[in-house]
Structure formats: structure tokens, C-alpha cells
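Thanks for coming. I will take a few minutes to walk through one structure, and you can follow along on the screen.

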Amino acid sequence: MAFARSFSCEHCGVEVSLDAPGTTHRNHCPSCLWSRHLDRNVPGDRKADCSGGMEPIAVTVRGEGRWVLVHRCTNCGRLRLNKTAGDDNVLLLMRLAALPLTMPFVPFAADPGSNGISTSNGDSRVPPARKPRARKAKTS
Ligand SMILES: [Zn+2]
Ligand SMILES: [Zn+2]
């Protein structure tokens, strides 16, 4: 199956149509979400002389629920933001979004016994940490 305007993904080999729902400049593979470092300044200008493979490293949200992919060039390290397209691999997007939560740098649950606090008085209940609420008093 050939598209009028298409490219084949350097990463997974899938044939990708440039015309994608929800974006005017398709710049990443909907299947593996990898991109290529082709644009220098404006999406679609194709002026970069790097053409390194760009790895999808994160997703963020812009505006009202508009998902944006963060790509990092494996060749020069440049970061780029790319709008997701309507036919992007949703499962991969979700995995990217959840990735930091699978590897928290602080433990979610307190580990009794590891902090040296003795519970010998029989009270093992630890009061929940209270977040200080910064209440801004409006003066107007
Ligand atoms: Zn691909
Ligand atoms: Zn690059």
C-alpha cells in the first residue's frame, strides 16, 4: 500500500502517510512514535542537516488536553516538542506518560522499621504528613 506522500520509519520500517488526522506536519511514526531530526526551526522546514533518529522520551500536555510528544535526537541530543496525531499508538503514549510513576524516586508507602523510629509503645500509627497550605489572602 503506497501513499501519495509518505515516508518509511527508520526505526520500525512502517510506511507512514504524511497526511495524518489532527496535524499538518506529521513528523513521527504513529506505530513506534520515533521521529527524525529533519526540521531546524519550524515544523516542516526540513532544514536540519542532522537527520538523526529522535527517540520519544516523554509526553506533556499543552492547552486543553492536547498531548505533545517530547523527542530527543539520538545523534545531537536536541529536544523537540511534537504534537501527537490522531492515529498515534495510544498504548505507547500511555506508557510514556506513566513511565516516571513506575519508577518513583521516593517510596510511595512508608516502610516501618527502616527509619529507626521505634514503635515499642504499641502505637504504630503514623500521622499522615500534612501539607502546608499556602492560603493567599486577597486584600482587594
Ligand atoms: Zn516506527
Ligand atoms: Zn539531531
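**Core, sheet and one cysteine**

Keep in mind that this is a predicted model. I start with the largest nonpolar core, which has 5 residues: Val16, Cys29, Leu33, Val59 and Leu69. As background, nonpolar side chains in soluble globular proteins tend to be buried together.

Take Val59 from that core. Setting aside residues within four places in sequence, the contacts of Val59 are Trp67, Val68, Leu69, Val70, Leu93, Leu96 and Ala97.

Strand 3 pairs with strand 4, residues 53-62, over 2 bridges, in the antiparallel sense. Arg36 has Gly53 in strand 4 as its bridge partner.

Last, Cys50, which sits in the loop between strand 3 and strand 4. Is Cys50 buried, exposed or partly exposed? It counts as partly exposed, because it has 16 C-beta neighbours inside 10 Å, and buried would take 20 or more. Not counting residues up to four places away in sequence, Cys50 touches His37, Cys73, Asn75 and Cys76. For Cys50 and Cys73, which are 23 residues apart along the chain, the C-alpha atoms are separated by 9.0 Å.

Definitions and conventions:
Residues numbered from 1 in each chain as written. Chains lettered and ligands numbered in written order. Predicted model: local features only at pLDDT ≥ 70, side-chain atom pairs only at ≥ 80, totals over all residues. Core = buried A, V, L, I, M, F, W, Y, C linked by C-beta atoms within 7 Å. Buried ≥ 20, exposed ≤ 12 C-beta atoms within 10 Å, placed from the backbone. Contact = placed C-beta atoms within 7 Å. Pairing = 2+ DSSP bridges. Helix = DSSP H or I, 4+ residues; strand = E, 2+ residues; numbered from the N terminus.
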